[in-house]
Each structure stands twice: as C-alpha cells, then as structure tokens.
Amino acid sequence: MDDTLAPFALRLAAMRLWFGTPAADAVREALASLGLTRAVLLSTASQGDNARRFAEAVGPAIIDVFSGAVMHTPVEVTAEALTFVESVGADAVVSLGGGSTTGLGKAIALNTDLPQIVVPTTYAGSESTAILGQTEGGRKTTITDPRVQPEAIIFDPAMVATLPVALTVTSGLNAIAHAVEALYARDRNPLTSTLATEGLAAMIKGLPEVVAAPDDLTARSRTQYGAFLCGLVLGQVGMSLHHKLCHVLGGSFGLPHAETHAVILPHAVAYNAGAAGDQLAALRALVGEPGRGLQRFAKGLGAPMALRDLGLAAGDLDRATEIALQNQYWNPRPIEQAGLRALLQRAWAGDDTE
Ligand code: NAD
C-alpha cells in the first residue's frame, strides 16, 4: 500500500456482474433484470456457429445474431452492424467474444445508447472499460465515453476454455500488461494498485496451469478473475509506453493485438523498470527482475518473442519509432528516440531485454 493517501478519483460505473454462473443463464437473467426482450447477439465470423448455439441456449430474448465483428473496430463494420440492429428493432446488444466483439458492441452503444451485456471469451479486458478504439482509413483512434461502458458483464470460465492455447497465452499477457502499467501509472491510487497486484498474482499463477490443462475450469476461473482485475485497472488509470507502442503497431501496421502485447511487454517493462523503482515491487516478487523475468515467463509459456514473426518488416522500425514519438504522453522514464528505436529493434529480432 502507498505510505500516504494522496487525493484520488475513480470512475465507478453502475454495472452488474456475474462471475462463475453459466453464461446463457446469466445473460437471460441480465436481460430480464434490465427489461430487455429484443437483443442482438454479436460475434466474430469464426465464432458464428458458437454464437448461434449460444443464442438458442439463451432463448427468445435474443432475436438475431450478427457475426461480423473484426479486430480494431473498423467504422465500416460498425455502420453495417448499426443498419442490422436498427432493421430488426433491437433493444440491446449481447457481445459474445474478445475485445473485437466487445469493441463492436461499444461502437453500437456509442451511436444508439443501446444497453450492452458482455460475455468475454478472451482475457483482453475491454468489457470493464469505457474506452473504445476504432479504425478509419487505417488510423486507429481511442475515445473514452461513459456511453460505451457495458451495463452487465458475465464471466463464465467455460467461455474462455475454448480459447486455443496460443491465444490464451498472448491474451493473458495482454491482461498482465494492463496491471503492470497500472502499477506505475501516474494517476494510480491504492485501490488500483491493490487490484493490479491481485490481478497479476492470479495471472502469473493461473496461466501456466491453463497451458498445462486448457480444459481445467478451476485454472480458467483463476485466469478469468485475474484478467477481470487487470481490465478494471485498465479502465481506471492511464497507460504508458507499452500500450502506446502496441497501439501504433496494431493501428498503423496491422499487427495482431494480443501477440503484439506479448512481444512488447518485457521490453517496455525493462525500459521503465529503473524509473518505476518500488512501484514494480509486486511484479518483482512474482517474476524477479521485471523485464527479464517477464520474458522468461512468456517464453516458458511458448509466447511469440519477435515482431518480425508477426509480420513487421525491418524497414518499418524507423517509421514505427517516429509515429510512437509523435503523440507525447506520460511515461515513468522519458521517451527518447534512441532508446525507443533500440527497444523496437530488440523486440523485432526477439533479443533479450535491455
Ligand atoms: P479478438 O476479440 O480479436 O479475438 C481473437 C480471435 O480469437 C478472433 O478470431 C476470435 O473469434 C477468436 N476467439 C475469441 N475468443 C475465443 C474463444 N473463447 N474460443 C475460440 N476462439 C476465440 O481478440 P482480443 O485480443 O480479445 O481483442 C483485441 C481487440 O480488442 C483489439 O482491437 C483491441 O484494441 C481491443 N481491446 C480494447 C480494449 C478497450 O478497453 N477498449 C481493451 C482490450 C482490447
């Protein structure tokens, strides 16, 4: 705990949450409690069959399924989904999926104010935030708006148990990244640091368990709990270098979200560890020296190690550095060109952290 209780502010949304309840039952209950009878279920194309089965299990309060969600919430897909929900007279959206599907639900809510119920199937944490990232013309922008905060969230470990192991690992590291950057956030407070510490501990313990036994619902439940706490702090405090770099690599170079987080995290943490000092004590207690320890942890889980394996060309590194330097933001250690370029070079090649 911080020694002194400095003044702090929190954004607490009036959301309802079910943890560990079978998802279809909880969705039915959530819709009924909000007086909603004409929900559209959202999913990605690859989760479409699963979504249709889920809609049947929920019952008549789900009137249709839209399986067009894609990563980084392109505005064209949102426009198509808006036409769809309007044409069927929907009174709510239920997002069954990861951050991409939740992002589509949020974009619909921003435009229509329809209530959202989210059933997360990854560890990305978007359901707990009032943040929406959207892409238009290849540029990703982020807004924070209370209208995009979901009204209800349903965590059912069976829903993440189908996540393939490789995605489980990268998505889990994505959640860990939220908690690590929350520990050294400038606007952190005792509550967010406590949640981040608990979230980290659950993820660091739970992820190896899940990799060893992907169908183990106790381990899935632990990681889902951890990811929930990591998502909560993502919605409360400002993120720094790590998230900004991933935003640039995803938004401007089309790199996949969770995999990019997995590769960048040890390098960004190593860059910041000296400046963050004691703020990373909880992470040190779990993995040892922050950058190296996280890299060892990620490698042990079989995570991708190099941006070049995710499709980034060596020739893109200068431009990525330039874009990342364009918008100044707070970071524990000042962001300077040479250090940032060297970080990206190491992450690109899959080298050890600094
Ligand atoms: P995703 O939602 O894109 O899912 C990745 C792939 O895995 C998709 O093909 C999906 O269909 C599939 N999938 C998801 N869950 C599955 C399951 N249980 N079983 C089988 N397949 C499954 O990936 P993501 O990493 O969760 O989300 C990434 C997106 O979310 C990015 O656009 C990112 O910017 C956004 N995001 C936003 C916030 C926020 O607060 N606004 C937070 C985190 C992530």
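**Helix H8.** I started with helix H8 (residues 217–234), which lies across E1, E5 and strand E8 (152–155) and runs at about 160° to E1. Helices here are DSSP runs of H or I with at least four residues, strands are runs of E with at least two, and both are numbered from the N terminus. Angles run from 0 to 180 degrees between N-to-C directions, with axes fitted to C-alpha atoms, for helices over the stretch in contact; contact means heavy atoms within 4.5 Å.

**Ground rules.** I'm working on a predicted model, so I note that local features need pLDDT of at least 70 and side-chain atom pairs count only at pLDDT 80 or more, while totals for chains, interfaces and linings use all residues. Residues are numbered from 1 along each chain as its sequence is written, and side-chain values use heavy atoms, with hydrogens and water left out.

**The sheet.** I traced an open sheet of 6 strands in the order E1-E8-E5-E4-E2-E3, with parallel pairing; two strands pair if DSSP finds at least two bridges between them. Strand E1 (16–19) and strand E3 (62–69) are the edges, each pairing on one side only. I get an average twist of 15° from one strand to the next. Helix H2 (residues 48–58) packs on this sheet, touching strand E2 (39–44), E3, E4 and E5, and its direction makes about 165° with that of E3. I then looked at strand E4 (residues 92–97), which runs parallel to strand E5 (residues 116–120) and is joined to it by 5 bridges. Serine 95 has valine 118 in E5 as its bridge partner.

**The hairpin.** Strand E6 (residues 131–136) pairs with strand E7 (residues 139–144) in the antiparallel sense, over 6 bridges. Threonine 135 is bridged to lysine 140 in E7. The hairpin has 2 residues between the strands, and I see glycine 137 taking a positive phi near 55°.

**The ligand.** Which residues come nearest to the ligand? I found Thr44, Ser100, Thr122, Thr129 and Lys140, out of 23 around it; a residue is near if one of its heavy atoms lies within 4 Å. Helix H4 (residues 99–112) gives the largest share of the shell, 3 residues.

I checked polar contacts next (N or O pairs within 3.5 Å). A polar side-chain atom of threonine 122 lies 2.6 Å from a ligand oxygen, and an N or O atom in the side chain of threonine 129 is 2.7 Å from a ligand oxygen.

Conventions: A polar contact is a pair of N or O atoms within 3.5 Å; within protein, one must be able to donate a hydrogen and the other to accept it, and residues adjacent in sequence count only if both atoms are side-chain atoms.
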